[in-house]
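Let's take a friendly walk through one protein model, feature by feature. Keep the structure open beside you as you read.

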Amino acid sequence: MQSVKKIINELSLEEKAILTAGHSEWETNRIKDKVYGIFLSDGSFGLRKQSGPGDHLGISASEPATCFPATATLANSWNQKIVEKVGRALATEAKAQKVDQILGPALNIKKNPRGGRSFEYFSEDPYLAGKMAASLIKGIQYNGTIATPKHFAVNSQETRRMASNSVVDERALREIYTTNFEIAIKEGHPKSLMSSYNKVNGIYANENKHLLDEILRKEFGFKGYVVSDWGGDNNHVAAIKAGSSLEMPGVGNLAAEQIIRAVRSGNLDEKQLDKRVEEYLNVVLNSKRDSNIKIDWLHQHEVAREAACSSIVLMKNKNSILPLNKNYKVALIGDFAKNPRYQGSGSSLVNSKNVESLFSTAKNYPVEIIGYEQGYLRNDKEDEALLNKAISLAKKSDIVILNIGLNEASESEGLDRLNLRIPKNQLILLDALAATKKKIVVVLSAGSVVEMTWAKKVDAVVHEYLGGEAGASAVWQVLTGMYNPSGRLSETYPIEENDLPFNNEFPQKKPNVFYKESIFVGYRYYETAKVNVAYPFGYGLSYTTFFISNLKISNRGVNVTVKNTGKVSGIETVQLYIGKKDSELIRPSRELKGFKQVKLAPNETKTVTIPFDDKTFRFFDINTNNWQTENGIYQIMIGKNVEDICCQGNFEINNGINPVVKKFASYDKYKKADFKKITTKDFRELYGRELPNNKLEKNQELSVNNTISDMYYCKSWIGRFIAKWLKKKIVQSLQAGKPNLNFLFNYNMPFRAIAKMTGGLIDEAMVKDILFIINGHFWYGFGRVIKDYFLLQKGEKELLTFGNKKE
Ligand code: BGC
């Protein structure tokens, strides 16, 4: 193969410009006889290859594929081997389907579990998220398929997702929102990375040099190429300058035209363009394209089941009611038991090959099911008849297995959750069943955190999250004791929603999202502020018990002994946390810095070693703008979860620094994570810069970066009418239990994206013309739209002559 540099030398300016943008929804451009295009598909936990009409919202059909457990589910396994195995299985399907690049894994930090894509992300903790993502990437890339960790970075809400500005202090940016990516990149070596839709501190992620150059390349040593999120390339020239190589999806020749003009006018140095093309070609021309692979669907399904088993979390098991007594007469209740909730909606949606349900797979397990009842409607409408039938079935049984959880409308890309509750009609059913005094085992199906005050009314809770197509048999394996549950929560379950920090500001409907909690995300907040939770981070029960003791700390790491003190073999996840009580710095009282799983037969004892690494003691020092280690004594804690610390010791460091701590007015409140008292003004002090204006007012002049939903505030009645109409349609679709993702996407989309999402039909000039209309100058704007439309058509024709004819 020719060297990439040589190829670039032979490419014309026009050809290079063309390579910086897609050819269609999923394909990149090719240059005849010189460069081939590649095919990209979503596939965080199952391939979504669209052979027909393409869309990035999970609307049109895709090829059948194995649906593995959702990312949030996999995270609960804390098992890097199984996650890598899932990655390999994904890569096998990609090869067989002639997909060169998988758009995943998604590893954003769950700032608030109500984020609509929580099911698609690993954790609230960057260390765990990074480790899991690295394993998935390694798996995906084992056969030459390109992995694409996404969405870099600070992308925590779906509301206004393409037009929100994440205002985050530098320390939180480094310690929380990019450490996950750092681990994924340094350990997984992905060949590509997707930037996020949002702005970070005022600059779109896709054109943010701080993110894409200083942090990603210079600090993390990223060697691959950056692709924009779909429609997320705001200013293509700025993106090329900052470090993003490819705009997706295809937008006709508009992107190329902008690059050519910028180079010719001296606004873009051709060397910068060459660099981006080189980054892209280095990956593309080195990725293997042979593929005569046949998919062994049974094997794939088996991998999905194994992963689901490892990820199930046993949350409650009163009087060891589980595993189920074989002689029990079981009533199986709940709509989800027949029509499973096993994946979320949006671009990750898989056209699953072989979906199991608890109902359809029960026959393969040693359980006596005496009947099934639906119990509730999926759309939260109450139904007496269903309720009564469920009660009478329960009365005939020894034990009820009740499958409840979140419905489809609650977990989707494009839409943040309204609250943390599971639907009311399901809780009414639970109460009615509890009143029968029968034993109840809840199988919970939900891709994210829910309030669980109801758990006290039942005997056991098996949380399967979204288990993928083989989730149901994994649940039976756990219920019947064939698999001893080993999953541990990768996120905290607060007692009630109000305990979530700054929950009343989530999702932020205004343009700027102030990341007021700073580094205190998830358990870092609950532990430091001493707020009780329902189930802590890292929590999960087993059918056996473990005793952890004998902590030994050395310069290299820690050793502990773990003994299985129960009657069956099982897996414990030993978790290493560190803290530093005597620190002047604002820091969380506990932070996860390592973990290891150990499998033990009854009475068996093993020594577990968890090494320290470059991240164990570091903090991001805003004074030196660098990672530093603070001198002094650290608490080294080994726990079964973040609350349940089994052994603790001290470790001293004296070759670090004594940080200079500036005590601003709200320092004390931040130190204690006393968020009930923290105001926007306090955050401004921590942030250290002026905060952007967050106002949206009636009769406002809108710009290209305002969202379609902002038309609610615009001068023109037409605009206000459209915004209200869209909102009505969205609400109607939600009430019907099927969120209309198309409407949602458009509602939250900024005007500028119209030029990126209409395949070249509307360009940036026309978007500005439309804004004249919206801003109250109807006839002027209308005239310009017509004029610019014809200009565009003419220009497009001319551009098509420079090589990349549409076929
Ligand atoms: C999502 C990405 C996805 C892309 C392509 C976007 O809407 O944010 O995660 O990869 O669409 O489907």
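We can begin with a single residue. At 2% relative accessibility, W230 counts as buried, a word used for residues under 20% relative accessible area, with exposed meaning over 50% and partly exposed in between (1.4 Å probe, protein chains only). This is a predicted model, where local features need pLDDT of at least 70, side-chain atom pairs count only at pLDDT 80 or more, and totals for chains, interfaces and linings use all residues. Residues are numbered from 1 along each chain as its sequence is written, and side-chain values use heavy atoms, with hydrogens and water left out.

## Aromatic rings

How many aromatic pairs does a search of the whole structure find? The search gives 35. Rings of Phe, Tyr and Trp (its six-membered ring) pair if their centres lie within 6.5 Å; planes under 30 degrees apart count as stacked, over 60 as edge-to-face and the rest as tilted. A pair of aromatic rings is described by the distance of the centres and the angle of the planes. Here are two of the pairs:

| Pair | Centre to centre | Angle of planes | Class |
|---|---|---|---|
| W26 and W230 | 5.6 Å | 35° | tilted |
| Y525 and F675 | 5.0 Å | 5° | stacked |

Where do W26 and W230 sit in the chain? W26 is in the loop between helix 2 (13–19) and strand 1 (40–42), while W230 is in the loop between strand 8 (225–227) and helix 9 (236–242). The pair links distant parts of the chain, 204 residues apart. Helices (H or I, at least four residues) and strands (E, at least two) are DSSP runs, numbered from the N terminus. Like W230, which is buried, W26 is buried, with a relative accessible area of 3%.

Y525 is buried at 4% relative accessible area, and F675 is buried at 6%. Both residues are members of a cluster linked by ring pairs, made up of F502, F520, Y525, Y526, F664, Y667, Y670 and F675.

Rings can also have a charge over them, which is counted if NZ of Lys or CZ of Arg is within 6 Å of the ring centre and within 35 degrees of the ring normal. K580 lies over the face of Y634, at 5.1 Å from the ring centre. R618 lies over the face of W627, at 3.4 Å from the ring centre.

## Strands and sheets

Two strands pair if DSSP finds at least two bridges between them. Strand 10 (residues 329–333) is mostly covered, with four of its five residues buried. Five bridges join strand 10 to strand 11 (residues 368–373), and the two run parallel; V330 has I369 as its bridge partner in strand 11. Strand 10 also pairs with strand 12 (residues 399–405) in the parallel sense, over four bridges, and here A331 stands opposite V400.

Elsewhere, three strands form an open antiparallel sheet in the order 18-19-22. Which strands stand at the edges? They are strand 18 (546–553) and strand 22 (605–611), each with a single partner strand, so one side of each is left without a neighbour in the sheet. Strand 18 pairs with strand 19 (residues 557–564) over six bridges, and I548 stands opposite V562 in strand 19.

Another open sheet has three strands in the order 1-2-3, with parallel pairing. Strand 1 and strand 3 (146–147) stand at its edges. Three bridges join strand 1 to strand 2 (residues 101–103), and L40 stands opposite Q101 in strand 2.

G719 is placed in helix 21 (residues 717–735). Is G719 buried or exposed? G719 is buried, with a relative accessible area of 0%. Leaving aside residues up to four places away in sequence, G719 touches M711, C714 and I774, where contact means heavy atoms within 4.5 Å. The C-alpha atoms of G719 and A91 are separated by 45 Å, and these residues are 628 residues apart along the chain.
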